[in-house]
Amino acid sequence: MKILMKTLKISLLVVGLLLVGVVITAYSLDMDYLLKGVRTIYLQGHQTAFLGDYKEFDNRTIKNAPDQRQPWAQHQHYNQKAIPDILQQTHQELGTVAFLIIKNDSLLHEYYAEGYDANSHTNSFSMAKSIVTAALGHAIKEGKIKSLDQKVVDFLPELKGKYASDLSVGDLSSMASGLAWDENYYSPFSITTKAYFYDDLDKMMLELEVSEPPSQRFHYLSGNTQLLGMVIEKATQMPLADYISESFWKPLGAENPAFWQLDSENGTEKAYCCIASNARDFARFGKLFKDLGHWNGKQILDTAFVQTCIRPRFADSPEYGYGFWLSNYKNKAIFYLRGHLGQNVIVIPEDNLIIVRLGHQNGGKSENDPHDRDFYTYIDQAYQMLP
């Protein structure tokens, strides 16, 4: 027994020393962000970020105005049609937690699962990129940023790289920056993963380089939107969450406050992702852009800016404009906000239709198709449910 206890103590000591060594090595190699990743994501049983992970991070509140709430009108046929079998099967297979159909600016269909409801918060992931582009448009409207062509170095003179002085704010929004960045959500060693857990995003971003000529081609990189958020913060002299609150959350009549993940306590917003809100309030950005920047008679964004956002910048990349994904499925001009794991706000202006889907998983892509398979399912099934 004494030998066994001695062996156990030695084993525990060795494990403890190994753990200390791992921690010291992580800090010395500037990889301590992985320790945060293990604690917040991997020990929670996930391989990547998840819908409720905002609770594991510091957040800044995007405040709404309780006395200015504008609930969606309810359609006369609200929830009268049964959910088609294909849609129900998709919900179950992919873990949909919220699904909305808004027709003529009225809630036609509303579905929730797993205890989620109209007021539940979920992570937007990259749908936040569209909201940051909206903030860019608002800053341009206010004259705080001159235009889509203004150079990033006017706000971030420390920006590095051979082509840093050529980079414009429009290049960041349209994903045409030439920034050195690895867009990989599952590798623990990618720059995208590091950004998710790093505690000083401003420092990290300014250590990167603009290594290729900007304005040449579409190349989707989360780092672009992080830089854009830094530009907007410099231009407006406001934290990004506060600017979104004053420019959109309050005037659009959001029913609930939202939460934006930060890199550290009182730190920088993860501009490329991670606004935690609900399906009804995310849908407001679909309506704002559907109505070309107008909201109940008020001009929130310039019409020309909105029209630019929802048209392709590059002819050989018709799937993206400025901050928005694009499609001509069913020969209809469609634009949408899209986030990791299948978060979508899909807008079909010609039919005055908005479809919102939030959930745990997307349907994957077919070869040479930039859109997820379930994107088409949600559109097809929404049309089946119209009166």
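Mentor: Start with the largest nonpolar core, which has 92 residues. Inside this core, I145, W181, Y196, I232, F248 and F289 have the most contacts. A nonpolar core is a set of buried Ala, Val, Leu, Ile, Met, Phe, Trp, Tyr and Cys residues joined through side-chain atoms within 4.5 Å. Buried means under 20% relative accessible area, with a 1.4 Å probe and protein chains only. Helix α4 (residues 127-141) gives the most to this core, 9 residues. Helices here are DSSP runs of H or I, at least four residues, numbered from the N terminus.

This is a predicted model: local features need pLDDT of at least 70, side-chain atom pairs count only at pLDDT 80 or more, and totals for chains, interfaces and linings use all residues. Residues are numbered from 1 along each chain as its sequence is written, and side-chain values use heavy atoms, leaving out hydrogens and water.

Now look at I145. Setting aside neighbours within four places in sequence, its contacts (heavy atoms within 4.5 Å) include L136, I140, F155, V169 and I232. Q150 is also in contact with I145. A second, separate core has 27 residues, among them I334, I346, F375 and A382.

The largest cavity is lined by 18 residues. On a 1 Å grid over the protein atoms alone, a cavity is a set of points where a 1.4 Å probe fits but cannot get out; lining residues have an atom within 4 Å of a point. T48, A49, Y185, T192 and Y196 lie nearest the centre of this cavity. Helix α6 (residues 191-197) supplies the largest share of its lining, 4 residues.

Conventions. On a 1 Å grid over the protein atoms alone, a cavity is a set of points where a 1.4 Å probe fits but cannot get out, and a pocket is an open set with protein on both sides within 12 Å along at least five of seven lines; lining residues have an atom within 4 Å of a point. Helices (H or I, at least four residues) and strands (E, at least two) are DSSP runs, numbered from the N terminus. Buried means under 20% relative accessible area, exposed over 50%, partly exposed in between (1.4 Å probe, protein chains only).
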